[in-house]
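Have a go before you peek at each solution.

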Amino acid sequence: MSRYFLEIAYDGSAYHGWQVQLNALTVQEVVDNRLSTLLQETVTSVGCGRTDTGVHAEQFYLHFDLQEPLPQDRDLVHQLNRVLPDDIVALRLLPVATDAHARFDAVERVYQYRIIHRKDPFKRFRYTYLPYFPDYSIMNRVAGSLIGKHDFSCFSKAHTQTLTNDCTVNRAVWKEEPGGTYCFEISADRFLRNMVRAVVGTLLEVGQGRMNEPEFQALLQEGNRQDAGKSMPAHGLSLVSVRYPYVQDGRKDG
């Protein structure tokens, strides 16, 4: 048995997220189908996470197993890109140890949520349009409260199948970008379902003066989802980076 990591990127607009679902088109379904056709054996991949419907990924890793190793002269990435739809691209294939795991071995994930304040038809699938300007300086200061290890239940969908809602956030910052757009970047060891979109929605409550800093901190410490802000639209969210403790050839340290 040989295991491989495949790095891909995708525009999630047409998909009901990453993970295979009944009666809904997903990225995993498309990728597994194309891999199975090319490799002439059934491929069932495991992704580094599960992006929600409409969420994009600029970097996403999956692993899959084959009965025999691929010939060294086979360019599977090139072959895969010829049969994938235009909104999914294969970037890199890495042979890895048989116990390497795309989900459980990831030590950091980085998401970005992008906002625009002037309607732009060319950015409508990657940015969320807001007709008002919140106070980004206050939002940036309050976002610092997220850094560290916390129980993020107040920013998670209810009844998720997780053993813990604890996450360790390493970075949470708002950045102004060229063209008058804004980006919220957050990195952590793991994320809960809907977490980033709920965090952004709650920070916007702060930026509009509807929630103050002590109230935000109290929400983080002991609040529930009903006390937080609304979940922002999915199309403004992108998974931009996933990091593993691997050397360049993709094999596990040690």
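**Exercise 1.** Which residues have the most contacts inside the largest nonpolar core?

*Solution.* First, some ground rules: this is a predicted model, where local features need pLDDT of at least 70, side-chain atom pairs count only at pLDDT 80 or more, and totals for chains, interfaces and linings use all residues. Residues are numbered from 1 along each chain as its sequence is written, and side-chain values use heavy atoms, with hydrogens and water left out.

Next, the term: a nonpolar core is a set of buried Ala, Val, Leu, Ile, Met, Phe, Trp, Tyr and Cys residues joined through side-chain atoms within 4.5 Å. Buried means under 20% relative accessible area (1.4 Å probe, protein chains only).

Now the answer: Phe64, Leu146, Phe155 and Phe184 have the most contacts in this core of 74 residues. Its largest share, eight residues, comes from helix 4 (residues 195-207); helices are DSSP runs of H or I, at least four residues, strands are E runs of at least two, and both are numbered from the N terminus.

**Exercise 2.** Find the buried residues of helix 3 (residues 136-143).

*Solution.* They're Tyr136, Met139, Val142 and Ala143. Looking down the axis of helix 3, the buried residues fall within an arc of 125° (taken from the directions from the helix axis to the C-beta atoms), so they line one face of the helix.

**Exercise 3.** How many bridges join strand 5 to strand 10?

*Solution.* Six, and the two strands run antiparallel. Strands pair if DSSP finds at least two bridges between them. Within strand 10, Leu237 is the bridge partner of Tyr113.

Note on methods: Buried means under 20% relative accessible area, exposed over 50%, partly exposed in between (1.4 Å probe, protein chains only).
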